[in-house]
Amino acid sequence: MLPLGDELVCFSVLFVLLMLGTRSVAGASFLTASLYGFMVMFRFPPVPAEQALRVLRPRAPCGGVLVVAHRGGRHDAPENTLAAIREASRNGAAGVQLDLSFTADGVAVLMHDETLDRTTNGTGPVSKVQFVQLRRLDAAAHHRLKDRFGGERIPTLQEAVEECIRHQLNIFINVKDQPDKAAAVLHEMFQKLPALYNSSIVSSFEPKVIYKMRQTDPGVVTALAHRPWRLSRFGDGSPRSRSAWSQMWMGVLDILLDWALHHVLWKLCGVSAILMQKDFISPDYIQTWVQRGVEVVGWNVNAAVEKDFYLNLLRIGYVTDSLLEDCDSLITE
């Protein structure tokens, strides 16, 4: 929960902005009070701190700092595969981050991209392919170690979770869209495998996904992922739109989203962690969230000097593409 001072400042600023916009003290007071009432009535409390810490600060090999293999460690093995999970465990990861997607016939599988082209020998949207067809594809087709991992299949979410449990790995399940379907599938899985409540976290860049997850199963540990300027710029900093007006408008939306996440959305969803792109994390930023009872996890931390910084100075968990060597960062959502 926000400290009282932060909450007071937040709603005071909102009141002033509404008063300037409506030119009515009564109208601004009503709207501010209505928003506050909405927050009180519909926000979710976070899960107990001890449960969240079992997921976010387990007894990890790296000095107690949680090291999470991004997509299972996409540099060390084909991403989002059982082979990646096994490699992550062998290389000392405390957890793995996996991406949830759905086939045309509704099977929950691991896949980051909307299409099959980048990582497999298939083409087209994942959502248009039947699972039986997906299963025939080679998930290592374009990987740098394809000779070693050739023939690796795209696993179902169930298979991946069971593999993680066998290797005693914590699981960061990333959900991009389809909040209703994702929440229903994950709730069923958590009910079937109760150990997941103390070893897994569901994350998303989309607040509606996390809110739906908390609504469906309040016992699941959750996190909001964020990268400032995500709506207006790609991960490499290039603009998403060629139109100056469109780019300017998306920039305004970025500012509003950033403000909302740091002042409203985290509290409304009752998250236990913020997954922040590594370039925007500082000791002061971490301290701000510590005061709110929320953990910060950085992504993607791939250089040895960065890992040392997280391990010995920041002392917070991080997500990495490789546990073995330096590699290029892949800034994607």
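Predicted model: local features only at pLDDT ≥ 70, side-chain atom pairs only at ≥ 80, totals over all residues.
**Figure 1. Helix H3 gives the most to the lining of the largest pocket, supplying four residues.** The space inside the largest pocket comes to about 350 Å³. Its lining is made of 24 residues, and those closest to the centre are Pro46, Val271, Arg292, Gly293 and Val294. At least two lining residues come from each of helix H3 (49-56), helix H10 (244-269), helix H11 (283-290) and strand S8 (295-299). Sorted by class, the lining of the largest pocket holds 16 nonpolar, three polar and five charged residues.

**Figure 2. Helices H7 and H8 cross at roughly 40 degrees.** A pair of packed helices is described by the angle between their axes and the distance between those axes. Here, H7 covers residues 157-166 and H8 covers residues 179-192, and their axes come within 12 Å. The crossing in which H7 passes H8 is right-handed. On the H7 side, look for Leu157, Gln158 and Val161; on the H8 side, the contact is made by Val185, Leu186, Met189 and Lys192. Five nonpolar residues, one polar residue and one charged residue make up this contact of H7 with H8.

**Figure 3. A salt bridge joins the side chains of Glu87 and Arg148.** Side chains that carry opposite charges can pair when their charged atoms come close. In this view, the N to O distance between Glu87 and Arg148 is 3.0 Å. Glu87 sits in helix H4 (residues 82-90) and Arg148 in helix H6 (residues 146-149), so the pair ties together parts that lie 61 residues apart in sequence. The count for the model comes to 16 salt bridges.

**Figure 4. A cis peptide bond runs from Trp299 to Asn300.** Zoom in on the backbone here: the omega angle of this bond is near -25 degrees. Asn300 belongs to the loop between strand S8 and helix H12 (304-314).

**Figure 5. Asn80 has a positive phi, although Asn80 is a residue other than glycine.** The phi value of Asn80 is near 55 degrees. To find Asn80, follow the loop between strand S1 (67-70) and helix H4.

Key
Residues numbered from 1 in each chain as written. Heavy atoms only, no water. Axes fitted to C-alpha atoms, helices over the stretch in contact; angles between N-to-C directions. Left-handed = near helix turned anticlockwise from the far one by under 90°. Contact = heavy atoms within 4.5 Å. Nonpolar A, V, L, I, M, F, W, Y, C, P; charged D, E, K, R; others polar. 1 Å grid on protein atoms, 1.4 Å probe; cavity = no way out; pocket = protein on both sides within 12 Å on 5 of 7 lines; lining within 4 Å. Points joined across faces, edges and corners; volume = space filled by probe spheres on them. Salt bridge = Lys/Arg side-chain N within 4 Å of Asp/Glu carboxyl O.
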